[in-house]
Amino acid sequence: QVQLVQSGGGLVQTGGSLGLSCATSGRPYVWNAQAWFRRAPGKQRELVAAIDWRDGATWYLGSVKGRFTISRDNAKNTGYLQLKSLKPDDTAVYYCAGSNFFGATTEADYPVWGQGTQVTVSS
């Protein structure tokens, strides 16, 4: 069974940077895209970035464009999210997820999920 295991996250000050990773326990054959969601306290989980596993095409939430970078290493079966110029509003639990198609935007379209990792940005 394919699983996603996340690492990274932590506490940074406003303007700081963090890197997140999402390792696949097996070949990512059950999905063609990997994405990152986040859920802030009291808010719904939202999609922040997605990447086509095959060709590297990307999508970003408007509020993170120019600050977050999604990437993947096919040889390592690992996806990454680099977070820069962080703001307090970026504070959330971040989740990686896999989908059968690039362009999926809702949670229901992602059948495989990582365990989540906390990102906290202090003022």
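## Arg38, a buried arginine

Arg38 is buried, at a relative accessible area of 7%. Here buried means under 20% relative accessible area, exposed means over 50%, and partly exposed lies in between (1.4 Å probe, protein chains only). The residue lies in strand S4. Strands (E, at least two residues) and helices (H or I, at least four) are DSSP runs, numbered from the N terminus.

The model is predicted, so local features need pLDDT of at least 70 and side-chain atom pairs count only at pLDDT 80 or more, while totals for chains, interfaces and linings use all residues. Residues are numbered from 1 along each chain as its sequence is written, and side-chain values use heavy atoms, with hydrogens and water left out.

## Partners of Arg38

Which residue forms a salt bridge with Arg38? It is Glu46, and the closest N and O atoms are 2.9 Å apart. A salt bridge is a side-chain nitrogen of Lys or Arg within 4 Å of a carboxyl oxygen of Asp or Glu. Glu46 is partly exposed, with a relative accessible area of 32%.

The side chain of Arg38 also makes a polar contact with the side chain of Asp90, at 2.9 Å. A polar contact is a pair of N or O atoms within 3.5 Å; within protein, one must be able to donate a hydrogen and the other to accept it, and residues adjacent in sequence count only if both atoms are side-chain atoms.

## Salt bridges across the chain

The count comes to 4 salt bridges. One of them joins Arg67 to Asp90, with the closest N and O atoms 2.7 Å apart. This pair links distant parts of the chain, 23 residues apart. Arg67 sits in the loop between strand S6 (58–60) and strand S7 (68–73). Asp90 sits in the loop between strand S8 (78–83) and S9. Both ends are buried: Arg67 has a relative accessible area of 10%, and Asp90 has 2%. Arg38, Glu46, Arg67 and Asp90 are linked in a network of salt bridges.

Arg45 forms a salt bridge with Glu107, where the closest N and O atoms are 3.0 Å apart. These two are 62 residues apart. Arg45 is in the loop between strand S4 (33–39) and strand S5 (46–52). Glu107 is in the loop between strand S9 (92–99) and strand S10 (112–113). Arg45 is partly exposed at 26%, and Glu107 is partly exposed at 35%.

## The disulfide

How many disulfides does a search of the whole structure find? It finds 1. A disulfide is a pair of cysteine sulfur atoms within 2.5 Å. This one joins Cys22 to Cys96, with S to S at 2.0 Å. The torsion about the S-S bond is about 70°, so the disulfide is right-handed. Cys22 lies in strand S3 (residues 18–24) and Cys96 in strand S9, so the pair ties together parts 74 residues apart in sequence. Both Cys22 and Cys96 are buried.

## An open sheet

Strands of a sheet pair through backbone hydrogen bonds, either parallel or antiparallel. Two strands count as paired if DSSP finds at least two bridges between them.

An open sheet of 4 strands has the order S1-S3-S8-S7, with antiparallel pairing. Strand S1 (4–8) and S7 stand at the edges, each with a single partner strand, so one side of each has no neighbour in the sheet. Neighbouring strands of this sheet are turned by 15° against each other on average, direction ignored. Axes are lines fitted to C-alpha atoms, for helices over the stretch in contact, and angles run from 0 to 180 degrees between N-to-C directions. S1 and S3 pair in the antiparallel sense over 5 bridges. Leu4 has Thr24 in S3 as its bridge partner.
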